[in-house]
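This report goes through one protein model together with its ligands. Please read it with the structure open.

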Amino acid sequence: MKPNNGIEKIIDEKTQGNTLVLANDKKNPRKLYIESYGCQMNFSDSEIVASILSKEGFNTTQNLEEADLVLVNTCSIREKAELTVRKRLEKFNAVKKTNPTMKVGVLGCMAERLKNKFLEEEKIVDMVVGPDAYKDLPNLIQEIDEGRNAVNVILSKDETYGDVAPVRLNSNGVTAFVSITRGCDNMCTFCVVPFTRGRERSRDPQSILEEVNDLWNKGFKEITLLGQNVDSYLWYGGGLKKDFDKATAMQQATSVDFAKLLEMTAMAQPKMRIRFSTSNPQDLSLDVIETMAKYENICNYIHLPVQSGSDRILKAMNRLHTRAEYFDLIDNIKRIIPDCAISQDMITGFPTETEEDHQDTLSLMEYVKYDFGFMFAYSERPGTLAARKLEDDIPLETKKRRLREIIDLQQTHSHYRTKQHVGKTEEVLIEGTSKKSDAHWMGRNSQNTVVVFPKEKYTIGDFVNVKIKACTSATLLGEAVGYSKNN
Ligand code: SAH
Ligand code: F3S
């Protein structure tokens, strides 16, 4: 979808009688180039940033060379993610030599983690903006326009950007992210997110529903409700999750939890597909699973990171559940929604992890047989409890060998899962042309597995019934047999 290019501002301001500014904006829009790394939340945040800056007369561009302002929305989750961003800054530096008026801003988790240090370490950076400070961008840009460096890394108790309508970037016009919570209170000992994104707060359900309705009216067919820990969603009129017990009796009685929000969303747009991410095992309730089962438009897929199969390591990670409790949860999901897909995140080589702990992870995977997964070698993050209290004592070679073993096992399980779809006819939402063939569409079934099939008469955004004929470990191959009843 084409980003808002300042014209909206012209209309807005004209009604307020301020045409002078507008004329400038119209004749001379500045060009914003924005690049995002890391989690889906960062991609969603960049759409909020683009929206805020479109009101300041910035057009987005895909062409780095012509940009007046380059923003990079950064990730701190592992050291490698930070190194990738530093490499990109080198590239921006080279471009700046040919375009000396270009300004460079760093957004997101690295901005929050490194703060002023960024300006010292990376001379190319003009502006550092943390994840809760995007509404201050107009002021910060004025600062850099006047030749000063600008920094705002203040974390907020209540900022959810619920009142900012995101400008959809690189959109297929079919699927979109809708953020519902910010921050995380879980304090997993390996994780930098609670430090970079602050305390957990939830967005007003009314503004969530408005965004969902608006997306439907614009032709979108699928949304993913986003948060670091969506199951912990709790709206009681604003404020931090941890202050819920200080809310009035009335606020508590009328509060909205995640199961309720899911239901409200599913009912508001019964034909819109609804997904959500990420679920934390300790917070995923039976209510949520039952709500998923009750509404056909809520997809049968849960991303349920576990990180390790060893009780000892789970404890050291401050994951607040045991291996047995996790199995109970998996059993409940499969009992209530037999065809529910489940995916994982895993970490190998957390401090003190033994071969026995690693075997526990493999056996946990064997029990669940995840549909897919995202697996990482432990990367020590400065400031986390693990970094302060535990020595990063597993040799890189061992971390990597264990990682290889869990990736190989996941590959086997993924293939086992995709094979179960062969022979079935499944509803697929078409998202775009297959990467490998112009003659084929690519879409997903309810379980979030990619399905590829010949284009025939169908088009992007159609719900199509596809007979699955073959599979690889990651993709289903099929043939359309007609529109689905939801089309
Ligand atoms: N709740 C979040 C999790 C964010 S981090 C979400 O919305 O997805 C994503 C994954 O990165 C985690 O589940 C974990 O598996 C991995 N991860 C986090 N910190 C890590 C670290 N220090 N080293 C290696 N992997 C890490
Ligand atoms: Fe990180 Fe754990 Fe929260 S992985 S984002 S602290 S649930």
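The model is predicted: local features need pLDDT of at least 70, side-chain atom pairs count only at pLDDT 80 or more, and totals for chains, interfaces and linings use all residues. Residues are numbered from 1 along each chain as its sequence is written, chains are lettered from A and ligands numbered from 1 in the order in which they are written, and side-chain values use heavy atoms, with hydrogens and water left out.

**Domains**

An automatic or database domain assignment supplies the domain bounds. The protein is divided into domain 1 (8-152), domain 2 (175-419) and domain 3 (425-483). Between the C-alpha centres of domain 2 and domain 3 there are 27 Å. In contact (heavy atoms within 4.5 Å) are 17 residues of domain 2 and 17 residues of domain 3.

The size of an interface is often given as the accessible area lost when the parts come together. Buried area here is the accessible area (1.4 Å probe) that two parts lose on being put together, summed over both. For domain 2 and domain 3 the buried area is about 1400 Å², and carbon and sulfur atoms give 51% of it. Lys 221, Arg 273 and Thr 418 supply 41% of the area that domain 2 buries against domain 3, more than any other three residues.

A salt bridge is a side-chain nitrogen of Lys or Arg within 4 Å of a carboxyl oxygen of Asp or Glu. Between domain 2 and domain 3 the count is 1 salt bridge. Arg 273 and Glu 427 meet in a salt bridge through their side chains, at 3.7 Å from N to O.

A polar contact is a pair of N or O atoms within 3.5 Å; within protein, one must be able to donate a hydrogen and the other to accept it, and residues adjacent in sequence count only if both atoms are side-chain atoms. The interface of domain 2 and domain 3 has 9 residue pairs in polar contact, both residues at pLDDT 80 or more. On the side of domain 2 that touches domain 3, two or more residues each come from β13 (273-277) and α17 (396-419); helices (H or I, at least four residues) and strands (E, at least two) are DSSP runs, numbered from the N terminus. The largest share of that side, 5 residues, comes from α17.

**Ligands**

A residue is near a molecule if one of its heavy atoms lies within 4 Å of it. Around ligand 1 there are 14 residues, of which Gln 228, Thr 278, Gln 307, Asp 345 and Ser 379 come nearest.

| Residue | Distance to an oxygen atom of ligand 1 |
|---|---|
| Arg 78 | 3.1 Å |
| Gln 307 | 2.6 Å |
| Asp 345 | 2.6 Å |

The residues surrounding ligand 2 include Cys 184, Cys 188, Cys 191, Gln 228 and Arg 319.

**Salt bridges and backbone**

The salt-bridge count comes to 38. Arg 113 forms a salt bridge with Glu 82, with the closest N and O atoms 2.8 Å apart. Arg 113 lies in helix α5 (residues 109-114) and Glu 82 in helix α4 (residues 79-98), so the pair ties together parts that are 31 residues apart in sequence.

The peptide bond from Ser 277 to Thr 278 is cis, with omega near 10°. Thr 278 belongs to the loop between β13 and α12 (286-294). Asn 170 is not a glycine, yet has a positive phi of about 45°. Asn 170 sits in the loop between β6 (150-152) and β7 (175-179).
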